[in-house]
Amino acid sequence: MELIPVLDLLGGTVVHARQGDRSHYQPLQSSLCAGSAPEDVVEGLLRLHPFRTLYVADLDAIRRTGDHRAVVAGLAARFPQLALWVDAGVGGPREAAAVLEHGARVVVAGTESLASAADLAAIRAAVPAGTLALSLDWLGDRFLGPPELEHDAEAWPERVIVMTLARVGSTAGPDVGRLSAVRARAGGRAIHAAGGVRGAEDLETLARMGVAGVLLASALHDGRLKKSVIGRLDAGQ
């Protein structure tokens, strides 16, 4: 199971995502670095562990208030060892292509940003094989996005993220029930968990479930996940 740190970008800085309430996100305060500048945060993460993948959520692009394409391109150039997965609120193939052109190795299509299942199909047809992940987004029990995408696994690409926004930045624990339900219909697709991880015990539970990867932020920055634990549990090296 691969451990994947998350960078949430808002207004040019890294913020601490909490339960999907983006209007109240504040600049990140981390035990790993002195400030919240994107490059400083990435350097702090890499001092903790040689992660191979970094998930970037461009919250300005998702909210349609701007974008961080230049920041992502800068990160890709400075940290070529990192495969950047970027969610920039893509709604169609042109936006997806632009994300890949600006340094992402994988473009993340979040269901909250898609108007229809046809949009996802168009993105899948347009981008190179292996460069797309789908984020199935929930806020509480409410699925965000085209309803048919929640259950139609045939429409999903090979990488799927189960994004439980209400658990992001919380200590509620991962949404094991929802992850199990998605895995049951995923047909061998790689399922990634996002939201609520409290520590090593949660990671071990997810690994036993067969989850392919876990997106992490708070538990890294507040020190709940120690270097030794990360080294033992991360299979992404």
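Predicted model: local features only at pLDDT ≥ 70, side-chain atom pairs only at ≥ 80, totals over all residues.
Q: How many residues does the largest nonpolar core have?
A: In soluble globular proteins, nonpolar side chains tend to be buried together. A nonpolar core here is a set of buried Ala, Val, Leu, Ile, Met, Phe, Trp, Tyr and Cys residues joined through side-chain atoms within 4.5 Å; buried means under 20% relative accessible area, exposed over 50%, partly exposed in between (1.4 Å probe, protein chains only). The largest core has 63 residues, and Leu 3, Leu 7, Leu 203, Leu 206 and Val 214 have the most contacts inside it. There's also a second, separate core of 21 residues, including Tyr 25 and Leu 144.

Q: Is Thr 53 buried or exposed, and what does Thr 53 touch?
A: Thr 53 counts as buried because its relative accessibility is 6%. You'll find Thr 53 in strand β4 (residues 53–58); strands (E, at least two residues) and helices (H or I, at least four) are DSSP runs, numbered from the N terminus. Contact means heavy atoms within 4.5 Å. Leaving out residues up to four places away in sequence, Thr 53 touches Glu 2, Ile 4, Pro 5, Leu 82, Ala 83 and Trp 85. Its side chain also makes a polar contact with the side chain of Glu 2, at 2.7 Å (a pair of N or O atoms within 3.5 Å; within protein, one must be able to donate a hydrogen and the other to accept it, and residues adjacent in sequence count only if both atoms are side-chain atoms).

Q: At what angle do helices α7 and α8 pack?
A: Two packed helices are described by the angle between their axes and the distance between the axes. Axes are lines fitted to C-alpha atoms, for helices over the stretch in contact, and angles run from 0 to 180 degrees between N-to-C directions. Helix α7 (residues 176–185) and helix α8 (residues 200–209) pack at about 20 degrees, with axes 11 Å apart. That makes α7 roughly parallel to α8 (under 35 degrees; over 145 is roughly antiparallel, 65 to 115 roughly perpendicular and the rest oblique). Val 176, Leu 179, Ser 180 and Arg 183 in α7 meet Thr 205, Leu 206 and Met 209 in α8.

Methods. Residues numbered from 1 in each chain as written. Heavy atoms only, no water.
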